[in-house]
Amino acid sequence: MSEELAPGPKESPLAPQAGPREVWKKGGRLLSVLLAVNVLLLACTLISSGAFNKVAVYDTDVFALLTTMMLLTVLWILFYLLRTVRCPGAVPYRDAHAGPIWLRGARGGGLVLFGICTLVMDVFKTGYYSSFFECQSAIKILHPLIQAVFVMIQTYFLWVSAKDCVHVHLDLTRCGLMFTLTTNLAIWMAAVVDESVHQAHSYSSSDSNASHTRLASDPERAGNAVGGESCLCSTAICQIFQQGYFYLYPFNIEYSLFASTMLYVMWKNVGRLLASTPGHSHTPSPVSLFRETFFAGPVLGLLLFVAGLAVFIIYEVQVSGEGGRTRQALVIYYSFNIVCLGLTTLVSLSGSIIYRFDRRAMDHHKNPTRTLDVALLMGAALGQYAISYYSIVAVVVGTPQDLLAGLNLTHALLMIAQHTFQNMFIIESLHRGPPGAEPHGTPPKEPCQGLTFTNQDALHTLPACPPTPGLVSSSPADHQEAVGIVSTPRSHWRRRCLKDISLFLLLCNVILWIMPAFGARPHFSNTVEVDFYGYSLWAAIVNICLPFGIFYRMHAVSSLLEVYVLS
């Protein structure tokens, strides 16, 4: 639990004191957290139970629970928009750090983009289940329709209210935000389980130990709710709908997680007292994408991005083909990833070294958004750490040393190093002050000290220039030199390098997200870990840890875009 008054950007000495309603602030937060934990545990129990045949939990039960949760969430959001925020003094403060550019802005548009893709996925799911309506439960068709309404209303709600610091209906707002967050996490878990089961069937159709599930859309279990009949997806349009919505699952997964992060920040801001401190704000000025860069980072990043798409297509074609070229596909896949991970590791380390020469002050003010970003980066990286360490043990202990084993081992080691150094660079970048901020206790010296002016009035146009009597004029050449010094700060080359680094890392993380998110599973194509741990254990490790690794990539992209804008 946070402190009674969470400052941000810094605490106002003139801010109004908390009233009697806020005396029970910690108790109100505890109540909302307990509500969220219990609802989430119930949802997780049903979703995980519905993933196996030998339990009496059907996919219709899971769909019914998720549909009910989404309907209740929509009702609360409507109450918030139509009643809560219209109360007098409901939102006296707005957090400038909440709802950053990568979730709300026109440049990032992450939440809107993933929301639109989720709507397309709901259309595909509705078409898929409608293809055999006569043997399906109505809840399977109702669920994607309700989810489409839920996504539209929630996206609008987050777009207009992400910065709100609400001061009315405090406990109800906290519980509503936590319930909405829980609903998104339940949708995320259902999507992850569904996609993981679908991938497991794709790679283990010949494995007799593979468990058939109820949540995945395989033909033998697409529907059995009415009289035990089997619903077969036999038409071409049905198969298009089925394949289409599975390819759109990554966007639905990221939408749920991004919405959850924004809701958490809103929950932290309920009852928060802020001061207006524009001088310390990190709000970026409008910039174009490649402005003030050396173009080396964007060009090299685009080259790796295009090469990665080609490698991904080759991998998918060769692994799914009948020619037995899986080994060649794995060599190409591992080789590209080794090159990409090695470059991103060196670039991240270079960025951290550049910060050693950066004079900008560290921002130590409390910021719920930044704190959450750092926690998600560190926590999500644990998923890929776990997979890498399991792979290292399997390669070193249980397999003969050949080319594929060496590539697998190098890939695992570089994955650990890349996550570590990239997190160091991103976290330090997020804690840096805005451009031009001096270290605490250091008086500003640039651009006034040591300059000679021919125009005495020009002195007053420069920021942070104290009155200096008796400036002596020298010559027109000195004047041009002075103007050049003022217009070109000494740290200009550092800012350009940092922007290049952030854009390069951003593009690399996008391609490293696309590969696993859209079906690349070398963890199963390469049988080293499967033979060492057994299919059931290794599948459980991958299906639990890999979604966190995929989320890490997209969250790193969003953080790197923030770093680029603020550099």
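Close-up 1. Leu 72 comes out as partly exposed, at a relative accessible area of 45% (buried is under 20%, exposed over 50%, partly exposed in between, using a 1.4 Å probe and protein chains only). This is a predicted model, so local features need pLDDT of at least 70 and side-chain atom pairs count only at pLDDT 80 or more, while totals for chains, interfaces and linings use all residues. Residues are numbered from 1 along each chain as its sequence is written, and side-chain values use heavy atoms, with hydrogens and water left out. Leu 72 sits in helix H2, residues 59-84 (helices are DSSP runs of H or I with at least four residues, strands are E runs of at least two, numbered from the N terminus). Together with Leu 75, Leu 78 and Leu 82, Leu 72 makes a nonpolar surface patch of about 380 Å². Patch members have over 30% relative accessible area and no salt bridge, with nonpolar side chains joined within 5 Å; a salt bridge here is a side-chain nitrogen of Lys or Arg within 4 Å of a carboxyl oxygen of Asp or Glu.

**Close-up 2. Tyr 533 and its two ring partners.** Phe 532 and Tyr 533 pair edge-to-face, 4.8 Å centre to centre with 85° between the planes. Tyr 533 also pairs with Trp 538, and that one is stacked: centres 5.8 Å apart, planes at 10°. (Rings of Phe, Tyr and Trp, the last by its six-membered ring, pair if their centres lie within 6.5 Å; planes under 30 degrees apart are stacked, over 60 edge-to-face, the rest tilted.) Phe 532 is partly exposed at 32% relative accessibility, whereas Tyr 533 is buried at 19%. Trp 538 is buried too.

**Close-up 3. An aromatic cluster.** Phe 63, Tyr 128, Tyr 129, Tyr 245, Phe 246 and Tyr 249 gather into one aromatic cluster. Across the protein, the count comes to 26 aromatic pairs.

**Close-up 4. Charges over rings.** Arg 29 lies over the face of Trp 267, 5.4 Å from the ring centre. Lys 499 does likewise with Tyr 564, at 4.4 Å. (To count, NZ of Lys or CZ of Arg must be within 6 Å of the ring centre and within 35 degrees of the ring normal.)

The protein has 17 helices and 2 strands. Of its 567 residues, 54% count as buried. Among contacts (heavy atoms within 4.5 Å) with a separation of 6 or more, 85% join residues 24 or more positions apart.

Methods
Patch = residues over 30% accessible without salt bridge, like charges linked within 9 Å, V, L, I, M, F, W, Y side chains within 5 Å. Areas by Shrake-Rupley, 256 points an atom, 1.4 Å probe, with all protein chains shown as cover.
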